[in-house]
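Let's take a walk through this model together, starting with charged side chains and ending among the nonpolar ones. Keep the viewer open as you read.

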Amino acid sequence: MASPHTEEPPTKGTADPDAHIYEEVTLCERMELSQRLAVEELITTEASYVHNLQLCLSDIRAHLQQKQLPDFDLEGLFSNIDDILHLSRQFLRGLEATAAQEHDQLLGTLFQEFKEEMETVYKIYCASYEHALLLVPAAETTSSLSMVLQRITKYPLLLGKILENTPAGTSTHQALAAAVSAMAQANANINEYKRQREVATKYNKAEHLTLRDRLARLNTHSIAKKTTRLSRLLMHEAGFVSKTEDKEYDNLEEKFQSVASSVAGLKENVASYMAHLEAFLVPAPHKRELQMEEGPAQQYHRLAEHLHRAVFPEFKRRLDRLVWQPLCSLSEMLVGPQQLVKKRLDKLLDYEEIQERKSELGSVTYDEEAAMNTYLAINALLVAELPRFNQVAVQLLGQVLGSLCVLHQDLAAEVLHEAEKELKQLPHGHMPLPAFWRLVEDTLQQAGAQLRTFTQAFETVTPGPVTQPLTPAEERKVLSLVSKHGPDKLYQVTSNVSGSKDLDLTLQRGQIVALLQRVDTKGNTSRWLVDAGGPRGFVPAAKLQPYSPVQSQQPGMQTPTLENPALPVPSPLVSSSQQGLPHLLHLPQVVAGFSFAARSPQEVSLQAGQPVVVLEPHDKKGSTEWSLVEVNGQRGYVPSSYLVTVPVQEPMGWSLPV
């Protein structure tokens, strides 16, 4: 008989009230275990990743460095992998410290703290990855390079796995969710930057195409596209359509163009400076053959020879290494951004045209959408990169200018140091400064008197300047210049001119040109724009003087030539009515200073140097621009400016100094 207190086993179908508690505990334990395993996987794979990076640098890169392959871009192959290794080591230490504290909330915070730095270093690496693949010498290197690319994409997956096993609603879950979002955004930003760099790489190369190559590229599509851009640009300038304003970009571009202009100007000046320095250092054997007595002249000769042989060549080498080469590198750096800035304007015109079409039709084609994205990518890249580029370019330009100043200071100090050695041996080396300046003044006066005496003696024994008449071709050229520009615009070249820049002319001494403008395109008044009877270009203003025909000479008269430009030029036309009778014997002869071809029956032709008789110094309307003359029995009008007066009765001839 069973006891009344005996418990009967639960019947089938009766639920255990504590079963769900056991299930929840088991589920939490499984989630905690999975979470711990996911964290361990993250730390283990990160440690393995850091170890592989170290092997890549210590083994593969070191092996390639030892090979010393010619023309191999080792830095381009490994890019900024050193920065990635340094950042990954710091991140691994942070992961290990977080795991030791067993606080998963700190894990999400750690990823958010490292997000910006990771995005920065991986952007650079991923953007140069395609270029690096072209340089890889072996398959092992390819796997090492792709390892870096794969790691940044795994962070959102590993964090997502940890997040799946974290209870919802907790602070740890919120921190991990924020970390997953941050790393996903970092990957998206890296991909966008990589796309922008690919677009930039496509357009920032300066192409040097021949005319044949450019014509070969023309087709219906390219002509239509360029025509649309040109019409859009003209409408911008005319104000028919509004421009897309971007003040941030406009300010950046203005600063960039200013830097580019400064670099180009400095490079041009340094190149000219080095060319003159090179010419200065050319050996001059005739100077070394001078025989001098021992004394101040010999001491100065030794000093000049030492400077010419040792000091100045060393200065030139340092100038080339510290100024010229960095300046050329900086100039090459500007080419890519300059091309990108130009291409942005083209793409902006396309973008505005497509936007206008989109607002009218409501949709665009796939190609038009791609063109819009191309403009947005170029614009975003320039806005992001130009501030840093401008800053670096200005720093480099400042360093180049600083080096140039220091080099000249060193040169001055070296020359002074060498000169002091010789000055101590001169008689006036310890002379007081006022007495020294009096000595210099007296010496200069004596030297000037000796020079004047020598000049006077030289002039008495040297023959006068020989003149050579103009050839018919030269006379026709001068006539053409006079007809185009007038006689008051004619100038003569005083010495040979060798053009060294673009648009510079190469002219011979004595050549006749017509002045067009007394300033060049940069506002420089020392370079004038002239017409040489065909080609037009710039010449130094110092090598030009106003042209006037050289008169034949009578005894006791001096002829104004290039060698004696200070002599007076023949006076303008003076009519006989303005001369008094007492001066009748000294009445100047009127001749044709320039050839003139009659263009109507009322005009008469002249030859340069031909005597004429002025009948009336004006036309029928009283205008003094034309004069009525008689030549060889024919009467007619000629331009008054073509007539000159000379105090001789002999005919004049056009001539040039030999």
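Predicted model: local features only at pLDDT ≥ 70, side-chain atom pairs only at ≥ 80, totals over all residues.

The side chain of Asp 504 forms a salt bridge with that of Arg 527, at 2.4 Å from N to O. Asp 504 sits in the loop between β2 (490-493) and β3, while Arg 527 belongs to strand β4, so their pairing ties together parts that lie 23 residues apart in sequence. Arg 527 has 15% relative accessibility and therefore counts as buried.

Now look at Asp 531, whose partner in a salt bridge is Arg 536, at 3.8 Å from N to O.

What does Lys 522 meet in a salt bridge? The partner is the side chain of Glu 268, at 3.3 Å from N to O. This pair links distant parts of the chain, 254 residues apart: Lys 522 is in the loop between β3 (512-517) and β4 (527-531), and Glu 268 is in helix α10 (residues 247-280). Lys 522 counts as exposed because its relative accessibility is 66%; Glu 268, with a relative accessible area of 32%, is partly exposed.

How many salt bridges does a search of the whole structure find? The total is 17. Why do such pairs form at all? Side chains of opposite charge can pair when their charged atoms come close.

The largest nonpolar core holds 44 residues, and Phe 111, Met 118 and Tyr 122 have the most contacts inside it. Two or more residues come from each of α1 (19-67), α2 (74-78), α3 (81-101), α4 (104-127), α6 (139-164) and α7 (171-203). Of these, α1 gives the most, with eleven residues.

Setting aside neighbours within four places in sequence, Phe 111 is in contact with Leu 42, Phe 91, Leu 95, Tyr 155, Leu 159, Ala 179 and Met 183. There is also a second, separate core, made up of 41 residues, with Phe 256, Val 263, Leu 340 and Leu 404 among them.

How values were computed: Residues numbered from 1 in each chain as written. Heavy atoms only, no water. Salt bridge = Lys/Arg side-chain N within 4 Å of Asp/Glu carboxyl O. Helix = DSSP H or I, 4+ residues; strand = E, 2+ residues; numbered from the N terminus. Buried < 20%, exposed > 50% of the residue type's maximum accessible area, 1.4 Å probe, protein only. Core = buried A, V, L, I, M, F, W, Y, C linked by side-chain atoms within 4.5 Å. Contact = heavy atoms within 4.5 Å.
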